[in-house]
Amino acid sequence: MVTAAPPRPRPAARALGVRHLGPNWYACVMGTSVVGTAGAVLPGPLAGLRGPCTAVWALALVMLVVLLAARALHWTHHRDQARAHLLDPAAAPFYGCLSMALLAVGGGAVTVGRDWIGTGPAVVLDTLLYTAGTAVGLAAAVAVPYLMAVRHRVEPSRATPVWLLPLVAPMVSAALGPLLVPHLPPGQPRETLLLASLALFGLSLLATLAMLPLVFARVIASGPLPLALTPTLFLVLGPLGQSTTAVAAVADAAPGVVPAPYDRGLAVFAVLYGVPVMGFALLWLGLAVAHVVRARRHGMGFAMTWWAFTFPLGTCVTGAAALARHTGLTVYGALAAGLYAVLVAAWLAAATGTARGLLSGELLAEPRPAPTAPAAPTPSPAPAQATGPAG
C-alpha cells in the first residue's frame, strides 16, 4: 500500500528552529549598532541625536544577546550544520561578523550607552566585549584564510567582497581600542593598548590590501556579481572608513600617552592617510551604487546581504566625522551628515526586509535547492544512407 508523503512544513513552522541560522546574522547587530554610534559623533547641530542613538544601541545590545543564545543552540543541537558553515567558502568568512558585532556593541556602550547605564558599567561591558571580539577577530583573520587555502578550494574568478570580512575585524578593534585607553592606569598600560591598536590597524590594512585586488579584478574581469551578492560590494567601504576612523581615534588618544613628537605625528598621519582613503571610498561608493541600481533593474530582491549596506557605510560616517574634527573643514561634516541619512535609510530597508522574512519564516527556512536545467534530448542516430559511404 502506498502512503502519502507527509506534508512539507510551512515556512513559519520551519522558522522556529535555528538549524539554518548562520554567522551572517551578526551583520544585523553590526548594522544596528553603527546607526547609534555613528549618529552620536556627527558634528554641528546634528550632535543632539544622543537620545535616539542610545535607544538604537540598546536595541543592538538586545539583538546581540538573543543572537548569541540562538547561535549557542545552533552549535549545541546542529553541530553538523555549524561545521558545514566553517567548510563552506561562502559562509566561513562571516565568522568575522561575530567579532565585529561584539566590538560594535562594546564600543557603543562607552560612546552612547553610558548615558543610560553609567560610565563604570559601560567600561566594564566594553572591556569584556572588546576582549572577546578582538580574540575572535584575530582567530578568524588567521583561520578563515587558512581554510580557504587548504579546504575550500576557492578560485580567483569566484572572489567576492565577503572574503574581506575576517580581515576587517581587527580594524574594528583598532578603531575602538583607543576608547578604553583613558580608563587604564597611566603609563605603560595606556601606551601598550594604544600601540596595540596601531598594530591591529597595520595588520588589517596590509591583509586587506592583499585581498582587495582579487575582488576588484573579479568585478572587472568576470562581470557583475550575482544579483543577491551585489550589495556585498559595499563591504569594501568597511576597511576604508574604519581605517580612517582608527587612525583618528589613535591620534585623539595619543597626547599624554605616547611621548612627543609621536603624538603630533599621529595627528598629522590621521589627516594625510584619511583624506586620500576617504576619496577612494567615495569612488567605490559610486561604483557600488551603480551596480546596485543595475541589479535592481534586473530584479534583485531582498536578501540578508542587504545588511552590507549598513555597517560599512557607518564606518564612512565616522571616518568623515573624524576628518571634520581634525581638519576643521565643514565639507567633511556635511559629508558625514549626508552619509548618515543614507545609512538610516539603508538600515530601515534592511530591518524591514528582515522582519518580513522572519514573520514569513523564509529567512530561517531550509535553503531551496537551485533549479536544474532539464537534460537536453539525446539526438537520434542519423540513418545510414544519410552519412554516405565511409572512406
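Reply: Start with the rule for ring pairs. Rings of Phe, Tyr and Trp (its six-membered ring) pair if their centres lie within 6.5 Å. Planes under 30 degrees apart count as stacked, over 60 as edge-to-face and the rest as tilted. With that rule, a search of the whole structure finds eight aromatic pairs.

One of them is Phe-201 with Phe-269, an edge-to-face pair at 6.2 Å centre to centre and 85 degrees between the planes. This pair links distant parts of the chain: Phe-201 sits in helix H8 (residues 188–221) and Phe-269 in helix H10, 68 residues apart. Helices (H or I, at least four residues) are DSSP runs, numbered from the N terminus.

A word on the source. This is a predicted model, where local features need pLDDT of at least 70, side-chain atom pairs count only at pLDDT 80 or more, and totals for chains, interfaces and linings use all residues. Residues are numbered from 1 along each chain as its sequence is written, and side-chain values use heavy atoms, with hydrogens and water left out.

Now accessibility. Buried means under 20% relative accessible area, exposed over 50%, partly exposed in between (1.4 Å probe, protein chains only). Phe-201 is buried, because its relative accessible area is 7%. Phe-269 has 33% relative accessibility, so Phe-269 counts as partly exposed.

Next comes a tilted pair, Phe-280 and Trp-284: 6.3 Å centre to centre, with 50 degrees between the planes. Both residues lie in helix H10, four residues apart, about one turn of the helix. Phe-280 is partly exposed at 32% relative accessibility. Trp-284 is buried at 2%.

Helix H10 covers residues 262–297 and also holds Gly-265. Gly-265 is partly exposed, because its relative accessibility is 35%. Its C-alpha is 8.3 Å from that of Ala-251, which is 14 residues away in sequence.

Elsewhere, four aromatic residues form one cluster: Phe-234, Phe-302, Trp-306 and Phe-309.

Last, the cysteines. A disulfide is a covalent bond between the sulfur atoms of two cysteines. The cut-off here is a pair of cysteine sulfur atoms within 2.5 Å. By this rule the count is zero. Take Cys-28: the closest cysteine sulfur, in Cys-97, is 9.5 Å from its own sulfur, so it is too far for a bond. Seen from Cys-97, the closest cysteine sulfur is in Cys-28, again at 9.5 Å and too far. Cys-28 is buried, with a relative accessible area of 4%. Cys-97 is buried as well, at 2%.

Terms used: Helices (H or I, at least four residues) and strands (E, at least two) are DSSP runs, numbered from the N terminus.
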